[in-house]
Amino acid sequence: MNLYDRLITASDRPCFLLPDGAQITYGELDAGAGRLAALLISRGVVPGDRVAVQTDKTPEAVMLYLATLKAGAVFLPLNTAYTASEVEYFLTDAEPALFVQDAVALAAEAAGHAPLETTVRRTDDDLAAIIYTSGTTGRSKGAMLTHGALYANATALTQAWGFTGDDVLLHALPIFHVHGLFVALHCAFLARAPMVWLAKYEDAPVLAGLARSTVMMGVPTFYTRLLANPGFTQAAAAHMRLFISGSAPLLESTFAEFEQRTGTRILERYGMSEAVIITTNPLVGDRVAGSVGYPLPGVALRIAGPDPTGVIEIKGPSVFCGYWRMPEKTAQDFTADGWFKTGDVGRQDADGRVWISGRAKDLIISGGYNVYPKEIELILDELPGVTESAVIGLPHPDFGEAVAAVVIGSGDEAAMIAKLRERLAAFKAPKRIFFVEDLPRNAMGKVQKNLLREAYVGTFS
Ligand code: AMP
């Protein structure tokens, strides 16, 4: 069945609660999407065609996403930060039938069309979207997600997080990424719940929005920014039943400070463009700092290799069906028996709880020994003067790679290294510590270790 018909039910219930006090109902969303679907078809878009979109976060952009589904086409969102030459690569690679840069203008153009009456038939196995991964190394890859995969994940999440029509979701995430686009929107849609709709994260509107919301989804930087604001108090969070974090690791210090400030624990979950959400901490039960919780119902998870810590492999209904026009890369990333190699390194407790220690490509091999950056970062983060750290491997003439740390904060480098040596074997302890004001992050707040490696590449050579 077409995902559109599963997600959207026309009604008078509010869907978007806008900053100016205006509302858009589910009925208006359905009609707007229907008109845009009719426009897409009149422009020659046929089922399976890609519709590429690089546009501001507006209700019209959401209508365009839904219209693309309704017309049987494939939605291809692009980060608004991409430059023209970056966009050119995606357009050449994906060959979309249409590239939209202004969803509001397109919706205005669609106003003259009657809403498309019948949703174009699609099966669970048909493509709904292509999400290009951020691609820190090599070419960016388009993860292909089907109608069935997105629906399976959306139903699992609404159940896992207890969404109902009484919820109000605070939506401040970008919608060119799976987090804001699929995780957040689909939960609200399936619950027929309204969203406090913010074009981006800003302290004042988010704080005001919390007073009339029940659930917030955010990346860790949303939470560190909230905590840095004295206006964020227990009373400010009193209306909320759930704060969810993902897309990047949540620091244990953020988790602890948040609990101290509000009396509530952030629920951390783990996902990726290739599978949407994979694991989550429980709604009822223990949310543990530093752990991403348990595999969602229907997801099978295992650790590759003989050691307790290794690359996480998964199978499940929401796993993507391959990289767009990259059959060889797709084959490389799946095992012969059909498990997807996530590229994340982690371990799983006897009771099923999952802990992530970082990306496999960030693993450091120093003098032949494996060093997991997270182990060193956790210890570094406890030192006085350190707010956050990123541990990387840099080329070294003797060791192949040597461990170095880039730290937000200040301190005496030699004294800190000596302190770390008390707890860490020599090959694990950083040989250099660099102090910075901030770490390079992508749009989702993820620290870009590839940029750090580039910046400090010559340190030991
Ligand atoms: P993306 O495809 O852009 O969503 O990036 C997915 C990657 O983000 C995953 O493969 C993980 O490396 C990372 N990630 C997402 N959520 C978490 C989390 N809760 N903790 C640690 N890493 C995470």
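Predicted model: local features only at pLDDT ≥ 70, side-chain atom pairs only at ≥ 80, totals over all residues.
**View 1. Two domains in one chain.**

**View 2. The interface of domain 1 and domain 2.** On one side, 16 residues of domain 1 make contact; on the other, 12 residues of domain 2 do. Between them, about 1100 Å² of area is buried. Carbon and sulfur atoms give 65% of that area. The side of domain 1 that touches domain 2 has seven nonpolar residues, eight polar residues and one charged residue.

**View 3. Polar pairing across the interface.** Zero salt bridges are found between domain 1 and domain 2. The count of residue pairs in polar contact between domain 1 and domain 2 is one, with both residues at pLDDT 80 or more.

**View 4. Residues around the ligand.** The ligand is surrounded by 14 residues. The closest are R269, S273, D344, R359 and K446.

**View 5. Polar atoms at the ligand.** S273 places a side-chain N or O atom 2.7 Å from an oxygen atom of the ligand. For R359, an N or O atom of the side chain is 2.8 Å from a ligand oxygen atom. E268 faces a nitrogen atom of the ligand instead: a polar atom of the E268 side chain lies 2.9 Å from that nitrogen.

**View 6. Cover over the ligand.** On its own, the ligand has 490 Å² of accessible area. The protein covers 91% of that area.

Key
Residues numbered from 1 in each chain as written. Heavy atoms only, no water. Contact = heavy atoms within 4.5 Å. Buried area = accessible area lost by both parts, 1.4 Å probe. Salt bridge = Lys/Arg side-chain N within 4 Å of Asp/Glu carboxyl O. Polar contact = N/O pair within 3.5 Å; in protein donor to acceptor, adjacent residues only side chain to side chain. Nonpolar A, V, L, I, M, F, W, Y, C, P; charged D, E, K, R; others polar. Near = heavy atom within 4 Å. Areas by Shrake-Rupley, 256 points an atom, 1.4 Å probe, with all protein chains shown as cover.
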